[in-house]
Number of protein chains: 2
Amino acid sequence: MKIYFAASIRGGRNDASLYQALIDDLKTRHTVLTEHIGNPNLTADGQIQLTDQAIRDRDIDWLKAADMVVAETTNPSLGVGYELAYAEKIKTPVLILHRDQVNHLSAMINGTGYFDKIFSYQTVADALAILQRELP
Amino acid sequence: MKIYFAASIRGGRNDASLYQALIDDLKTRHTVLTEHIGNPNLTADGQIQLTDQAIRDRDIDWLKAADMVVAETTNPSLGVGYELAYAEKIKTPVLILHRDQVNHLSAMINGTGYFDKIFSYQTVADALAILQRELP
């Protein structure tokens, strides 16, 4: 499958190494269109070599091409919220991973019936087990 | 006008007093449907007396009823990102206030042509002047 992995960039890069681990696992079985999101050298400034419009247009093209969106939502992010709404609009399946012990997932996301695959986890190993079970 | 004021709740309440000041100003000239967002007693846990689905359904009803969305986007928020995409989908006008000196606005939001009223500001007084000029 082609997977759009969604996670925070300008919202903060505290979880960048976690994103990398999830992407590395997904890449063993699928194609990850957004693998730059796990890049440890990508800071919260984002991809400053591109205009925001170029980033947006590229990301929307990838979102439209994807068979599935996988989002790590623990670090709040405007872009991820936008991407989840866009995936709902174009009816792309979504899998959400969230660490409830860090914070509560947005009511706007958790309360939207379309998002019916929301998995709470604690450790990276837990998250990898979820991905391997749900996206073999 | 009926205004849907969008800002972070579970994404973090560091700016709650700022949201209150913006809402108080808007209320002198307009109806603010989401005035609870400025409530200093509302924590990042959110409105725990309601289910997430009830919060989501109420907020979507307000969003559909609104003439305008005003979003303060400095504190990253999944819910605000979702709401901005939803406003774009139903063609509700959007005004965004962002403090560029704190962080960069999401490329997904800043790069979306529909969001053509994005105002950078520094102080509360600046933000109030923008609201008074744009939403008299």
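## Helices α2 and α3 in chain B

In chain B, helix α2 (residues 52-65) and α3(B) have axes that come within 11 Å of each other and cross at roughly 40°. That makes α2(B) oblique to α3(B); angles under 35 degrees count as roughly parallel, over 145 as roughly antiparallel, 65 to 115 as roughly perpendicular and the rest as oblique. The axes here are lines fitted to C-alpha atoms, for helices over the stretch in contact, with angles from 0 to 180 degrees between N-to-C directions. Helices (H or I, at least four residues) and strands (E, at least two) are DSSP runs, numbered from the N terminus.

Who touches whom? From α2(B), B:Arg56, B:Asp59, B:Ile60, B:Leu63 and B:Lys64 meet B:Tyr82, B:Glu83 and B:Tyr86 of α3(B), where contact means heavy atoms within 4.5 Å. By class, that contact has four nonpolar, no polar and four charged residues. For these classes, Ala, Val, Leu, Ile, Met, Phe, Trp, Tyr, Cys and Pro count as nonpolar, Asp, Glu, Lys and Arg as charged, and the others, Gly among them, as polar.

## What you're looking at

This is a predicted model, so local features need pLDDT of at least 70 and side-chain atom pairs count only at pLDDT 80 or more, while totals for chains, interfaces and linings use all residues. Residues are numbered from 1 along each chain as its sequence is written, chains are lettered from A and ligands numbered from 1 in the order in which they are written, and side-chain values use heavy atoms, with hydrogens and water left out.

## Two copies, one turn

Chain A can be laid on chain B with an RMSD of 0.0 Å, using a turn of 180° and a shift of 0.0 Å along the axis. That is the relation of a two-fold axis. Both copies use the same surface, with 97% of the contact residues of chain A recurring in chain B. The copies are superposed by least squares on the C-alpha atoms of residues with pLDDT of at least 70 in both.

## Where the α3 helices meet

Now for the α3 helices of the two chains. The axes of α3(A) and helix α3 (residues 78-89) of chain B come within 6 Å and cross at roughly 45°, so α3(A) and α3(B) are oblique to each other.

On the chain A side, the residues taking part include A:Leu78, A:Val80, A:Tyr82 and A:Ala85. Their partners in α3(B) include B:Leu78, B:Val80, B:Tyr82 and B:Ala85. The residues of this contact of α3(A) with α3(B) divide into nine nonpolar, two polar and four charged.

## The sheet in each chain

Chain B has an open sheet of five strands in the order β2-β1-β3-β4-β5, with parallel pairing. Its edge strands are β2 (31-32) and β5 (118-120), each pairing on one side only. Two strands pair if DSSP finds at least two bridges between them. Strand β4 (residues 94-98) of chain B is joined to β5(B) by three bridges, and B:His98 stands opposite B:Ser120 in β5(B). Helix α1 (residues 16-27) of chain B lies across β1 (2-6), β2, β3 (68-72) and β4, running at about 175° to β1(B).

Over in chain A, five strands make an open sheet in the order β2-β1-β3-β4-β5, and the pairing is parallel. A:Leu97 stands opposite A:Phe119 in β5(A). Helix α5 (residues 124-134) of chain A lies across β3 (68-72), β4 and β5, at about 165° to β4(A).
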